[in-house]
Amino acid sequence: MTKYLIWVFVFAGIFLCTLLYNPRGTLAASPRDVVFYEIMWAGSSASADDEWFVLKNNTGADISLDGWQVTKFSGEDANETPMISLIGEIPAAGYFLVSNYKVENSIMRAKPDLSFQDFEKPISLRNEYLEIRLYDSASAIGTVPMDIAGDRKIRKPFGGSNGDKDKKIPKKSMIRVNTGIDGNLKEAWGTTEVQCNIKYGNNELATRESSDPNTKCHPPSVQLVNDWPTALKIGEIFAARLVVSDEGDTDVSGSINGIVETWSVGETI
């Protein structure tokens, strides 16, 4: 009897290991292990189709994205439809860039992990009623997603800007400012006020990042929480609220009015 019990435990252990084993050395992902980090829904001065999104790995392990799906909605009341089937691996605490264009045809300086030439359909990021979802498999579509970016019930995206060429206002990306909450909440997003990994001579504000170690943004970016005023009277004071981005360092140094200070990542300045 003891011998049979031993074999039962052996087979049970093998079965459990089979369920948990991943050839890339990672366990099954949970919601927000991988999140949408940046959405460039406005395109660029090069082309309205020069769109991209960046995923961020919130864990300390590499995660295979093979077979993961990104879905979209064509309007407020539209049905959910597949947009892209992902291929590749997102490194631990790293980024994964999916774009329509390769470096040669884009304003970007970062090499994309996937571009339009790698999948059947182009990226389609709406300027209104934006909502895209991330799933870890095709069969999971319609269930609880890994993450969501935007809310199709809201006409204006949570962040980013289409700019104004006549007024020389640049296009800006929608950037994740809080990866610890759902991406369908406005509080999770902001508008990029800095530029990184963009080719010289382009004025778009974005921090395009990929798994390419040569295209990381350094130093950490700083996001403006409140909006710049449209105008200031002489002598009027405007207080800018800034938040240091969640890069690898736990704190950064900067200068305000000539006084050098040290701030913790995530701290409002």
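Predicted model: local features only at pLDDT ≥ 70, side-chain atom pairs only at ≥ 80, totals over all residues.
Residues are numbered from 1 along each chain as its sequence is written, and side-chain values use heavy atoms, with hydrogens and water left out.

Start with the overall picture. The secondary structure of the protein chain comes to one helix and 15 strands. Both are DSSP runs, numbered from the N terminus: helices are H or I with at least four residues, strands are E with at least two. Of the 269 residues of the chain, 41% count as buried. Buried means under 20% relative accessible area, exposed means over 50%, and partly exposed lies in between (1.4 Å probe, protein chains only). Now look at contacts, meaning heavy atoms within 4.5 Å. Among contacts with a separation of 6 or more, 56% join residues 24 or more positions apart.

Next, find strand β8, residues 131-135. How many of its five residues are buried? Five of the five are, so β8 is largely enclosed by the rest of the structure. In a regular strand the side chains alternate between the two faces of the sheet. In β8, E131, R133 and Y135 point one way. I132 and L134 point the other way. All of these are buried.

Which strands pair with β8? Two strands pair if DSSP finds at least two bridges between them. Strand β4, residues 69-73, pairs with β8 in the antiparallel sense over four bridges. V70 has L134 of β8 as its bridge partner, and K72 stands opposite I132 in β8. Strand β9, residues 147-150, also pairs with β8 in the antiparallel sense, over four bridges. Here E131 has G150 of β9 as its bridge partner.

Follow β4 onward. It is mostly covered, with four of its five residues buried. β4 also pairs with strand β5, residues 80-85. That pairing is antiparallel and runs over five bridges. F73 has E80 of β5 as its bridge partner.

Return to β8 and pick out R133. Is R133 buried or exposed? R133 is buried, with a relative accessible area of 17%. R133 and I148 are 15 residues apart in sequence, but their C-alpha atoms are 4.5 Å apart in space. Leave aside the neighbours within four places in sequence. R133 is then in contact with F36, Q69, V70, T71, F73, E80, P145, D147, I148 and R152.

Now move to strand β2, residues 52-57, where N57 lies. N57 is buried, with a relative accessible area of 1%. Which residues does N57 touch, not counting those up to four places away in sequence? They are D33, D62, I63, I90, P91, A92, A93 and G94. N57 and P91 are 34 residues apart in sequence and 6.9 Å apart in space, C-alpha to C-alpha. K56 also lies in β2. K56 is buried, with a relative accessible area of 7%.

One of the residues touching N57 is A93. A93 is found in the loop between β6 (89-90) and β7 (95-99). A93 is not a glycine, yet its phi is positive, at about 55°. N197 is also a residue other than glycine with a positive phi, near 65°. N197 lies in the loop between β11 (189-191) and β12 (222-224). N197 is buried, with a relative accessible area of 2%.

Finish at a pocket. On a 1 Å grid over the protein atoms alone, a pocket is an open set of points where a 1.4 Å probe fits, with protein on both sides within 12 Å along at least five of seven lines; lining residues have an atom within 4 Å of a point. The second largest pocket has a volume of about 190 Å³. Grid points are joined across faces, edges and corners, and a volume is the space filled by probe spheres set on the points. The lining consists of S45, N162, G163, D164, K165, K168, I169, P170, K171, N203 and E204. By class, that makes two nonpolar, four polar and five charged residues. Ala, Val, Leu, Ile, Met, Phe, Trp, Tyr, Cys and Pro count as nonpolar, Asp, Glu, Lys and Arg as charged, and the others, Gly among them, as polar.
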